[in-house]
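Me: I would like to go through the labels on this model and see what each one rests on. Could you show it to me?

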Amino acid sequence: MDASKVAWRRIAGDTASGELYQTSLITALLQGVYDGEMEFVEVMRHGDFGLGTFNGLDGEMVAAEGEFYQLHSDGTATPVRPDQKTPFAAVTHFVPQQELRVTATVSRNDLLPIIAWAAQKNLFTAVQIEGLFQEVRTRTVAKQTRPYPPLTEAAGDDAENIVRLTKGTLVGFLSPDYAQGFQVAGFHLHFLSEDKTVGGHMLDFIAQDVTIRISPIHRLHVELPTSVAFLNAEMNGSDVNRAIQQAEG
Ligand SMILES: [Zn+2]
């Protein structure tokens, strides 16, 4: 598909561009800062849509339409309790502004460039992709024990799962190149099946009858941790790019 010839439908005015609410930094996760003081009850106040993880790196978080799920390393999903804590989460109140339907069978490499073309490259973009997934390859981090290893080592414990012929949704963000380390530059998407039983951090997919909805974000609200682990973490950025590509795939 030629991204420049795809017709997106505008579904909302441009006054509702959202705010990204984020706790901590991807760089802190890379350095093994896996315990946060932030409870999900607070995260939920600031968004109904987004992704993250849990203290101890105990699985991936995905939120859509106000429902928050914990995706476990065996690939299963359970609802998030408000008193669970997170070392990293990014959410927004999602008000989609542009929509695109694609009936053809498309892969990750077909679809993501079309979204990137429609998005503002120097803003953040909330991205939702609903469809029938012929195949989704996901990865889910496994709970870590202290002393915590850096994310590039912890990611070695990740469980990969392949889900086939499942309706579901990819939820997440497209972040600008300059945001590498603050977030994951480029696409960061988590999958949740329509029946809310399986999901994970998306590595690859093939889907059909896809509806994409996107919304630009130009306000950031970041809560930096004040834990000793965060305050003492070495985050000089020298290897951030390589480490994120290795850990976030
Ligand atoms: Zn992820």
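Me: Which residues does Ser-175 touch, not counting residues up to four places away in sequence?

Reply: Happy to start there: Ser-175 touches Phe-124, Gln-183, Val-184, Ala-185 and Gly-186, where contact means heavy atoms within 4.5 Å. A word on the ground rules: this is a predicted model, where local features need pLDDT of at least 70 and side-chain atom pairs count only at pLDDT 80 or more, while totals for chains, interfaces and linings use all residues. Residues are numbered from 1 along each chain as its sequence is written, and side-chain values use heavy atoms, leaving out hydrogens and water.

Me: Why is Ser-175 called buried?

Reply: Buried means under 20% relative accessible area, exposed over 50%, and partly exposed in between, using a 1.4 Å probe and protein chains only. Ser-175 has 4%, so the residue counts as buried.

Me: What makes His-188, His-190 and His-201 donors of the zinc ion?

Reply: Donors are N, O and S atoms within 2.8 Å of the metal (3.2 Å for Na, K and Ca), and since water is not among the atoms, sites may look incomplete. NE2 of His-188, NE2 of His-190 and ND1 of His-201 lie 2.1 to 2.2 Å from the zinc ion, so they meet that rule. His-188 in β14 and His-201 in β15 (residues 199-223) are 13 residues apart. His-188 is buried at 5%, and His-201 is buried at 3%.

Me: How do you know that Arg-9 and Glu-99 meet in a salt bridge?

Reply: The rule asks for a side-chain nitrogen of Lys or Arg within 4 Å of a carboxyl oxygen of Asp or Glu. For Arg-9 and Glu-99 the N to O distance is 2.8 Å, so the pair qualifies.

Me: Why does Glu-37 count as exposed?

Reply: Its relative accessible area is 64%, so Glu-37 is over the limit for exposed.

Notes
Helices (H or I, at least four residues) and strands (E, at least two) are DSSP runs, numbered from the N terminus.
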